[in-house]
Amino acid sequence: YGVIMCNLKYLMIDGVAVLTLSYTMTLSQPLKKLGKDRPTSSLLGPVTVTSVLGMQIINMSFLALALYLMHSQPDYVRWPSKYAEGAHWWLMGDNWETTVVFIVVYFAFITAAAIFTFGC
């Protein structure tokens, strides 16, 4: 699309989602009673790799669906990035594309933190 997310969106992802959720994940406590199934012994075992790849497939599916829904809106106008000046890069963040990508990626961070911390 040739667009750049604005600084506030990067601040929300880095400052709010990543830092807050990383700190919250460190506060998770073990269960009072251990389950009978042992965790995987390898970081790159089939269970771990499958769950991470599955999460990525789900996230990419939501991103593709969101972009499709964005394109199908009657008011949608594709951002004319070829006419934007490079010196005014901050103006390339005020469009539909960056908003849709930000919302999907932001909620992917939150969902991944919840699932991989609590095992939902």
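Me: Where along the helices is the place of Asn59?

Reply: This is a predicted model, in which local features need pLDDT of at least 70, side-chain atom pairs count only at pLDDT 80 or more, and totals for chains, interfaces and linings use all residues. Helices (H or I, at least four residues) and strands (E, at least two) are DSSP runs numbered from the N terminus. On that numbering, Asn59 sits in helix H2.

Me: Is Asn59 buried or exposed?

Reply: Buried means under 20% relative accessible area, exposed over 50%, and partly exposed in between, with a 1.4 Å probe and protein chains only. Asn59 has a relative accessible area of 15%, so this residue is buried.

Me: Which residues does Asn59 touch, not counting those up to four places away in sequence?

Reply: Contact here means heavy atoms within 4.5 Å. Leaving out residues up to four places away in sequence, the partners of Asn59 are Val104 and Ala108.

Me: How are H2 and H3 oriented to each other?

Reply: Axes are lines fitted to C-alpha atoms, for helices over the stretch in contact, and angles run from 0 to 180 degrees between N-to-C directions. Helix H2 (residues 46-71) and helix H3 (residues 96-118) pack at about 155 degrees, with axes 10 Å apart. Angles under 35 degrees count as roughly parallel, over 145 as roughly antiparallel, 65 to 115 as roughly perpendicular and the rest as oblique. H2 and H3 are therefore roughly antiparallel.

Me: How many nonpolar residues are in the contact of H2 with H3?

Reply: Residues meeting across it include Met55, Asn59 and Phe62 in H2, with Val104 and Ala108 among those in H3. Ala, Val, Leu, Ile, Met, Phe, Trp, Tyr, Cys and Pro count as nonpolar, Asp, Glu, Lys and Arg as charged, and the others, Gly among them, as polar. Next to three polar residues and one charged residue, the nonpolar count is 15.

Me: And how does H1 lie against H3, roughly parallel or roughly antiparallel?

Reply: H1 and H3 pack at an angle of about 5 degrees, with their axes 10 Å apart. That angle is why H1 and H3 count as roughly parallel.

Me: Which residues does Tyr106 touch, not counting those up to four places away in sequence?

Reply: Tyr106 lies in helix H3 and is buried, because its relative accessibility is 12%. Not counting residues up to four places away in sequence, Tyr106 touches Met12, Ile13, Val16 and Ala17.

Me: What kind of aromatic pair do Tyr106 and Phe107 form?

Reply: Rings of Phe, Tyr and Trp (its six-membered ring) pair if their centres lie within 6.5 Å; planes under 30 degrees apart count as stacked, over 60 as edge-to-face and the rest as tilted. The structure holds three aromatic pairs. In this one the centres are 5.9 Å apart and the planes at 80 degrees, so the pair is edge-to-face.

Me: How far apart in space are Cys6 and Gly93, C-alpha to C-alpha?

Reply: Cys6 lies in the segment before helix H1 (7-26), and its relative accessible area of 26% is why it counts as partly exposed. Cys6 and Gly93 are 87 residues apart in sequence, yet their C-alpha distance is 4.7 Å.

Notes:
Residues are numbered from 1 along each chain as its sequence is written. Side-chain values use heavy atoms; hydrogens and water are left out.
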